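Subject: Structure handover

Dear colleague,

Here is the structure for your files. My notes follow below it.

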Amino acid sequence: MMGVYVIGVDFGTDSVRSVIVDSRNGQEIATTVVHYPRWQQGLYCNPAVNQFRQHPLDYIESMESGIRQCLRIAGPAVASGIAAISVDTTGSTPVAVDESGTPLALLPAFKDNPNAMFVLWKDHTAIPEAAIINHAAARFPVDYLQFVGGIYSSEWFWSKLLHLLRTDEKVSAATWSWVEHCDWIPFLLTGGRDVRTMRRGICGAGHKALYAEEFGGLPPEEFFTAIDPLLGGFRSRLFDKVYTAADPAGNLSAEWAERLGLHTAVIVGVGAFDAHMGAVGGQIAPYHLSKVMGTSTCDMLVAPMEDMKGRLVRGICGQVPGSVIPGMMGMEAGQSAFGDCYAWLSNLLAWPLQQLIPATAFLEPAIAAKVRDDAQQRILQELSRQAALILPDEHSELGIDWLNGRRTPDANQALKGTLTGLHLASDAPRLFRAIAEATCFGARAIVERFEREGMPVKGLIGIGGVAKKSAFIMQLMADTMNMPIRIHRSEQTCALGAAMFAATAAGLYTRVEDAMEAMGQGFDNVYQPDVSRVSLYETRYEKYKSLGEFTATLTIN
């Protein structure tokens, strides 16, 4: 008898979440969260220059630990009935690999070199390289950026590869190919030994690497060499065929079956990005914007292919057939910082605690760290509580949410955040409220771009940590958007979406829509807009747009 249980694994920015799900009804049997140890120590990152790298061992160790913990919780009967595993990851989070597909950081010569590690989605060291790509693309008769919103971002695949090739000769010389995190994990689990055999997903290929059927795959070699001769030869060492996340990548290898306590009959699905699988886990519907809200946001919209004939949506992160649901157009947008904006203010306010508590001789280091962490969490909670009590007026403090650049609409990672309207009564809750409002206005700008480009947004779906934890921000979102927002019930929507794709890849369901219907958990809350505040937010949103235009003029590229 074929197993009926599936495992979904969600690689987030700070941790990996694993869930075992009954494919018949979506019941979550076991869930674990394992934090990346090196990332927690701040290793290989330098926020001052927007460098954020993650060691592959963080992914390997945390995934293995999380799945094994899940299996222990579920018990041997469930473990023997596992049919498939699928994973989602952040993106674009690529890594340099050798010909075997091994990330260079796993080789002794590069084990501590950040350039040999995964370049996290929020890494913006490639801003100059993105500018070079955009400039070169403008000279070609074919618009190779047409399916990624017309602007290439420093957060994406080719910008990051070019930056690595230009800045680290040793890593550059050892780099045979360039691989997305969501493609590498299935390759690892299936025992891949030759990067040429790796099954790459349409999700990463289409949204970040410029793959399109209209181009016959990737753009031609002369396009990449025109950008920079350093990119010469990489096209032929990448891929000419892609797969949806409903397709299998292969079977679990003997090595990983033993490491996890499973069997080699387990199917491993093709990987995809977290927001794309999260949209499925959150039961996305056509023209309903699925908002994965965490450190950043990733907004997904799907539409029937027949509705998209001849349509191009400018300024988003791409429109790719099958990147969310096979047979439908998947469109991606988002904000480069969302929860990160709130964390920035919390860290700023907690600075005295971070400096002074370790200096107190009567606290052990571990206790001091716990005191700091608890205090910082309480700061964020109290800021939310107090901010919810404030009713702004037309002249209240106003912010721009580009603390980590702007992803959508019209990507520009060089942009900076802004706070204005400050006075001597501007206290911490008022600043927090201005920042929270700015993130909601940034979300509204995305909806307006879709609608201006002829894509109706009929509803909002909220998933992710912020959506589940912050009633204040979700109500503010509904008010500023003047639209209801439904909150999905699952605490692990991205991992649940991965489990739905695992069930489809294993053949338990013919279509991912069938898996979504059978395994979906529904919605547990709806935030309705407060009609008494709609007019005020209309006025403040116009001020937000004016402040954004002014802020953009101050950017030094």
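Five bridges connect strand E12 (residues 288–293) with strand E18 (residues 459–463), and the two run parallel. Strands here are DSSP runs (E, at least two residues), helices likewise (H or I, at least four), numbered from the N terminus. Strands count as paired if DSSP finds at least two bridges between them. His-288 lies opposite Gly-459 in E18.

The model is predicted: local features need pLDDT of at least 70 and side-chain atom pairs pLDDT 80 or more, while totals for chains, interfaces and linings use all residues. Residues are numbered from 1 along each chain as its sequence is written, and side-chain values use heavy atoms, leaving out hydrogens and water.

E12 and E18 belong to an open sheet of seven strands with mixed pairing, in the order E14-E15-E13-E12-E18-E19-E20. Its edge strands, E14 (319–321) and E20 (523–527), each pair on one side only.

Ser-86 sits in strand E5 (residues 82–89). Ser-86 is buried, at 0% relative accessible area (buried is under 20%, exposed over 50%, partly exposed in between; 1.4 Å probe, protein chains only). Beyond neighbours within four places in sequence, its contacts (heavy atoms within 4.5 Å) include Ile-7, Met-277 and Phe-501.

There are zero disulfides, a disulfide being two cysteine sulfur atoms within 2.5 Å. Cys-203 is buried at 2% relative accessibility, and Cys-341 is buried at 0%.

Regards
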